[in-house]
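Happy to walk through this one with you.

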Amino acid sequence: MAKENRSAPALGLRATLRYWWTQLTSMRTALILLFALALAAIPGSIVPQRSVSPVGVQDYLDAHPTLGPIYEKIGMFSVYTSPWFSAIYLLLFISLIGCILPRVGVYVRALRAEPVRTPKRLTRLPEHATSELPADADGEPGDPAEVLERAAQHLRSKRFRVAVRGDSVSAERGYLREFGNLIFHISLVLLLIGVAVGNLYGYRGNAIVVVGQGFSNSLTQYDDITAGANFGEHDLAPFQLKVDEFSAKFETGDVQTGAAREFKTLVTVVDEPGAQPRREVIEVNKPLSVQGTSVHVLAHGYAPQVTVRDAEGNVAFSGPVVFLPQDGNFTSAGAIKAPDGRPERLAFQGYFLPTAVVDEKGPRSVFPDAFNPALFLNAWYGPPRTETGVPENVYSLDTRGLTQMTTPDGDVFRMQLKPGDRVALPDGKGTLSFDGYERWVKLQVSRTPALPMTAGAIGLAVVGLCFSLFIRPRRLWVRVTDEQIEAAGLDRASARTGLDDDVLDLLEAAYGGPRE
């Protein structure tokens with residue numbers, strides 16, 4: 001006789017969806033997704049990201065012609081906005097909510113319910129103690145009702161929830177442990193929301209501003225800016241500021257010579273058009289706050305002031321030029337460009353040294369403060385160039401189409417200038433004067449809309465975790481018979497520290513005092 005094939009019936013659509021929803025909202029799945037999110041974030045700290053360093057991404061593509069295009073296709077250069085990272089993020093978000101909602105219902109029902117009934121056999125519990133029933137003044141066994149009342153009052157004084165049923169008392173405490181678990185998981189959801197909102201609507205931009213000049217919070221004023229997908233120019237707070245003064249102090253003693261000691265930036269701020277200006281000071285770890293936007297000073301340096309005159313005697317360029325520090329003593333490199341020079345455009349490249357020394361190692365700065373400022377430059381010239389609108393690096397010089405100036409002997413023409421010096425260029429091509437120097441500061445302007453939510457979520461997570469770690473759910477019972485008092489306890493946490501003491505204290509309280 002052939003065996004009957006009794007395979008399980010196929011699940012319908014509703015049952016299938018319910019099955020996958022159960023799998024997705026399980027705590028195991030949430031932990032797996034949290035671990036997967038941490039793994040998915042690793043490439044974002046290893047591979048250059050386009051939103052942070054587009055130049056670094058291009059350099060990586062140039063250095064890895066085979067691997068680079070593959071990374072480009074799978075979103076490795078924009079990890080945090082890639083479809084696969086977003087999918088993990090959203091699944092974790094849904095999984096956490098699916099875990100929390102049923103547990104909230106269970107917790108609410110547990111709060112409304114009375115402590116569990118007294119087990120029939122208290123001797124099977126981890127901690128158990130018995131005592132004879134105390135006698136009254138006549139030597140007869142005491143009233144069981146009085147014993148139960150004494151036990152109930154003792155338990156209430158210890159903040160237990162108490163239920164008296166017949167010949168026994170049930171008590172339970174530690175409900176805040178599960179509350180802490182819920183708070184912790186809710187804080188994770190809030191944290192995910194805060195991070196998502198911050199990444200979608202927040203921005204961070206940098207701008208170098210020379211002391212004495214101003215900054216207006218508009219896109220054209222930024223040297224570079226990183227913003228979320230839903231960010232728009234209307235999200236920029238319409239404030240303005242002027243950098244009035246920057247002061248820096250460095251260690252001049254024998255120990256830690258040149259170490260930074262103090263940085264202060266004095267600014268004048270206009271919060272919005274038509275508002276009254278106000279003076280503010282930006283210091284280390286003390287940013288300026290304007291309409292929910294934070295302004296930090298990230299870096300500083302020197303901007304030598306120069307005047308360039310062309311061969312016709314006209315001013316081709318005049319003003320401060322930002323030079324970028326190359327070491328801790330602020331040896332600064334930069335380029336001076338005078339594209340409007342006629343009949344030839346002029347350009348210069350070199351170093352500004354705040355405390356200049358020339359020795360066997362060549363020109364260099366030996367201290368970050370400007371005790372002996374000097375400007376060392378090479379000069380270039382070339383025919384006027386048609387403006388193409390293509391952006392170029394203002395801190396370096398592209399020498400294509402230019403010819404380096406030389407002396408009549410054929411040596412490279414080099415200039416060493418002190419403040420106030422003026423040098424004539426070879427062959428009557430013009431002059432360059434070093435008028436002095438200014439300082440510049442690099443401002444970081446940032447706004448993270450959901451930062452209070454994120455910080456609050458982290459605080460809630462810590463509180464919830466403390467509740468989960470330090471609160472021990474505990475149950476105690478007392479039963480009174482005609483001859484004895486029986487007490488027992490059960491600790492619902494893994495550790496039973498102090499459970500035996502609680503059981504003995506309960507037994508003594510029910511007895512009416514220390515037992516003989």
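Q: Which residues of H2 and H5 meet in this predicted model?
A: On the H2 side, Met27, Thr29, Ala30, Leu33, Leu34, Ala36, Leu37, Ala40 and Ala41 take part. Their counterparts in H5 are Trp84, Phe85, Ile88, Tyr89, Leu91, Leu92, Ser95, Leu96, Cys99 and Arg103. By class, this contact has 16 nonpolar, 2 polar and 1 charged residues.

Q: What makes H7 roughly antiparallel to H8?
A: The axes of helix H7 (residues 175-201) and helix H8 (residues 451-470) cross at roughly 160° and come within 7 Å. Since the cut-off for roughly antiparallel is over 145 degrees, H7 is roughly antiparallel to H8. Their contact divides into 15 nonpolar, 7 polar and 1 charged residues. The crossing of H7 with H8 is left-handed.

Q: How do you know whether valine 322 is buried or exposed?
A: Buried means under 20% relative accessible area. Valine 322 has 15% relative accessibility, so valine 322 counts as buried. Its place is in the loop between strand E12 (315-320) and strand E13 (324-325).

Q: With which residues is valine 322 in contact, leaving aside its neighbours within four places in sequence?
A: Valine 322 touches Ile208, Val210, Tyr302, Ala303, Tyr395 and Trp440.

Q: What makes the phi of arginine 159 worth a remark?
A: Most residues other than glycine have a negative phi. Arginine 159 is not a glycine, and yet its phi is positive, at about 65°. You will find arginine 159 in the loop between helix H6 (144-157) and strand E2 (161-165).

Q: What can be said of phi and burial at phenylalanine 330?
A: Phenylalanine 330 also has a positive phi, near 65°, in a residue other than glycine. Here the relative accessibility is 10%, and buried means under 20%, so phenylalanine 330 counts as buried. Phenylalanine 330 sits in the loop between E13 and E14.

Q: Is the peptide bond from arginine 342 to proline 343 cis or trans?
A: That bond is cis, with omega near 5°. Most peptide bonds are trans. Proline 343 lies in the loop between strand E14 (332-338) and strand E15 (345-353).

Q: What makes E5 and E9 edge strands?
A: An open sheet of 4 strands runs in the order E5-E7-E8-E9, with antiparallel pairing. Strand E5 (214-216) and strand E9 (278-283) each pair on one side only. On average, neighbouring strands of this sheet are turned by 30° against each other, direction ignored.

Q: How do you know that strand E8 (residues 260-270) and E9 pair?
A: Pairing takes at least two bridges between two strands. E8 and E9 pair over 6 bridges, in the antiparallel sense. For one of the bridges, leucine 266 has valine 281 in E9 as its partner.

Conventions. Residues are numbered from 1 along each chain as its sequence is written. This is a predicted model: local features need pLDDT of at least 70, side-chain atom pairs count only at pLDDT 80 or more; totals for chains, interfaces and linings use all residues. Side-chain values use heavy atoms; hydrogens and water are left out. Axes are lines fitted to C-alpha atoms, for helices over the stretch in contact, and angles run from 0 to 180 degrees between N-to-C directions. Helices (H or I, at least four residues) and strands (E, at least two) are DSSP runs, numbered from the N terminus. Angles under 35 degrees count as roughly parallel, over 145 as roughly antiparallel, 65 to 115 as roughly perpendicular and the rest as oblique. A crossing is left-handed if the near helix is turned anticlockwise from the far one by less than a right angle, and right-handed if clockwise. Ala, Val, Leu, Ile, Met, Phe, Trp, Tyr, Cys and Pro count as nonpolar, Asp, Glu, Lys and Arg as charged, and the others, Gly among them, as polar. Buried means under 20% relative accessible area, exposed over 50%, partly exposed in between (1.4 Å probe, protein chains only). Contact means heavy atoms within 4.5 Å.
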